[in-house]
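Please walk through this model with attention to how its parts meet.

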Amino acid sequence: MSPTSPPASPPTTVEATVDAAVVGAGFSGLYAVHRLHDLGLSVRAFEAGGGVGGTWYWNRYPGARCDIESVYYSYSFDRELTAEWQWSERYAAQPEILRYLEHVADRFDLRRHFTFDTRVTGAAFDETTGRWRVETDGGEVVSARHLVLGVGLLSQRALPDIEGIGDFAGEIHHTGAWPHQAVDFTGRRVGVIGTGSTGIQAIPLIARQAEHLTVFQRTPNFSLPARNGSPDPEKSRRRIDEFDAVTEQLRTSSYGILLDPPTRSALEVSAEERRSTYEARWAEGTLTGILQAYNDMVRNQEANDTAADFIRERIREIVADPQVADDLCPRGYAYGTKRPCLDSGYYATYNRDDVELVNLRRTPIERITGDAVVTSDREHPVDALVLATGYDAQTGPLLALDPVGRGGRRLSAHWEQGARSYLGLTVAGFPNLYTICGPGSPSALSNAVVSIEQHVEWTADLIVHLADRGLTTAEATDVAEKEWSAHVQEVASYTLYPQTDSWLMGANIPGKPRVFLPYIGGVGAYRAHCDQVAAEGYAGFELA
Ligand code: NAP
């Protein structure tokens with residue numbers, strides 16, 4: 001400190017006592033605040049970003065849009081809200097989804113409960129009072145009976161550990177922390193690292209703007225054309241005119257989307273029939289069209305191969321250079337076991353003269369210098385770098401907060417051998433803590449909005465159940481947590497998912513314990529189970 005600097009002032013501590021603290025202002029946090037406030041609870045909420053939106057606040061990269069049709073990727077809790085909002089595209093882009101969430105915040109007057117630009121830095125359960133002590137980087141301390149974490153499942157960014165990356169002199173952005181001002185790549189040489197859902201959305205748009213684009217691909221992904229355009233008027237009409245029926249269908253479906261569940265194996269139909277089914281579904285433009293064509297696609301490698309072969313054929317058809325096409329063809333893992341992608345012109349982008357694909361399996365990145373990415377064979381000069389390198393999914397945002405439960409035990413200690421939870425929503429030893437979209441919930445493998453509504457409503461019902469009976473805490477038992485966590489892994493073990501290195505398995509983060517993170521038993525089945533738990537007086541919980 002220089003002699004003239006003012007002395008550092010201690011953080012101002014404002015003690016507030018509320019029924020519930022909520023963290024996050026995305027789809028989860030907004031609805032949690034709305035629901036809990038509506039039930040008459042006092043609520044304080046915090047959001048690290050400067051406004052509402054969560055994922056859709058941070059992910060402003062070119063091409064960011066939902067890959068579940070907007071007519072379903074939106075709240076169902078209020079018919080009027082649904083009726084008054086018109087989506088302009090089948091798959092809305094980030095600015096429109098952000099506007100929707102801002103509209104929701106205004107319509108239900110939710111902003112007044114939030115403190116923005118404020119990160120929750122710690123949360124500890126006080127066993128003597130049965131309350132959570134929640135601390136923020138603004139120096140605020142809140143005492144809350146219940147703590148609802150709506151911190152997102154894909155919000156903890158994974159930055160690549162590449163030698164020299166800190167020396168890069170040009171502009172560098174992770175897609176999940178994109179600047180609010182549009183980034184102009186005109187006349188610049190851009191490098192994109194990562195070809196998951198994000199990279200696949202961003203690459204075609206960056207290619208159109210940049211002078212030259214180099215894509216650094218470690219693992220190719222399977223992507224289907226989105227065939228984006230205007231929303232289907234019939235679906236939009238039905239969503240409003242048959243609001244209750246459609247909402248019920250979404251809630252009881254397998255993935256929180258409308259589809260006719262497949263009844264046949266891919267192997268019990270002729271090759272011709274299979275092909276015409278895949279062709280129709282390739283033309284349809286949905287994330288799960290081909291994956292849901294037959295009932296054994298993620299359970300039987302041979303069935304899966306039929307779809308994977310079909311997609312590889314399409315890639316070879318679209319991409320002119322046979323070597324580039326070959327490099328873009330995913331191999332070595334089953335289609336769908338890395339989350340599939342939906343794109344707008346992704347593969348055709350590689351037919352441009354100003355776009356180059358670097359296959360990192362052949363020539364790995366060795367280091368990054370001030371103005372280049374150096375692979376094992378040569379230097380790739382770049383003026384700007386885009387890191388589409390993903391997230392420490394599902395557990396990362398919760399562990400960043402690392403709540404302290406009973407006996408001073410941290411969540412990071414509890415999850416040292418891998419995430420475990422009861423219903424994906426609660427953790428043994430952490431009373432009154434609710435992890436919306438937590439590991440062990442179907443969120444990551446579903447239409448997240450449908451799952452979020454179920455998580456929030458179920459949590460709110462539990463809180464009301466306690467209050468109505470003069471009880472103060474609900475805590476998952478060790479047995480219930482153990483059984484649910486075993487069930488989550490068991491259901492996954494019937495599929496091909498655990499064999500693939502993906503973020504769903506925690507495999508993208510060095511040292512992360514390898515467990516299957518989401519619950520794959522289906523949105524509807526999960527909902528029915530949660531309802532059963534509630535009907536039995538919250539079986540698996542100790543209510544005190
Ligand atoms: P991701 O699927 O984890 O993909 C990250 C990519 O970066 C992978 O290709 C990965 O390669 C690569 N990568 C990571 N570290 C690298 C390194 N050091 N060197 C080279 N390559 C590296 O992440 P994401 O694309 O951000 O998507 C995450 C999830 O967000 C999606 O699965 C989806 O659920 C969601 N999302 C949804 C939408 C939507 O349309 N609604 C859009 C974007 C994202 P490896 O595969 O070899 O590890």
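Domain bounds here come from an automatic or database domain assignment. The chain is divided into domain 1 (15-156 + 392-543) and domain 2 (165-387). Taken over C-alpha atoms, the centres of domain 1 and domain 2 are 27 Å apart.

This is a predicted model, in which local features need pLDDT of at least 70 and side-chain atom pairs count only at pLDDT 80 or more, while totals for chains, interfaces and linings use all residues. Residues are numbered from 1 along each chain as its sequence is written, and side-chain values use heavy atoms, with hydrogens and water left out.

Now the interface. Contact means heavy atoms within 4.5 Å. By that rule, 45 residues of domain 1 touch 51 residues of domain 2. Buried area is the accessible area (1.4 Å probe) that two parts lose on being put together, summed over both. Between domain 1 and domain 2 this area is about 4100 Å², and carbon and sulfur atoms give 56% of it. Tyr 72, Arg 90 and Leu 496 supply 17% of the area that domain 1 buries against domain 2, more than any other three residues.

Next, the charged pairs. A salt bridge is a side-chain nitrogen of Lys or Arg within 4 Å of a carboxyl oxygen of Asp or Glu. There are 4 salt bridges between domain 1 and domain 2. Glu 69 and Lys 235 form a salt bridge through their side chains, at 2.9 Å from N to O.

By class, the side of domain 1 that touches domain 2 has 21 nonpolar residues (Ala, Val, Leu, Ile, Met, Phe, Trp, Tyr, Cys and Pro), 12 charged (Asp, Glu, Lys and Arg) and 12 polar (the others, Gly among them).
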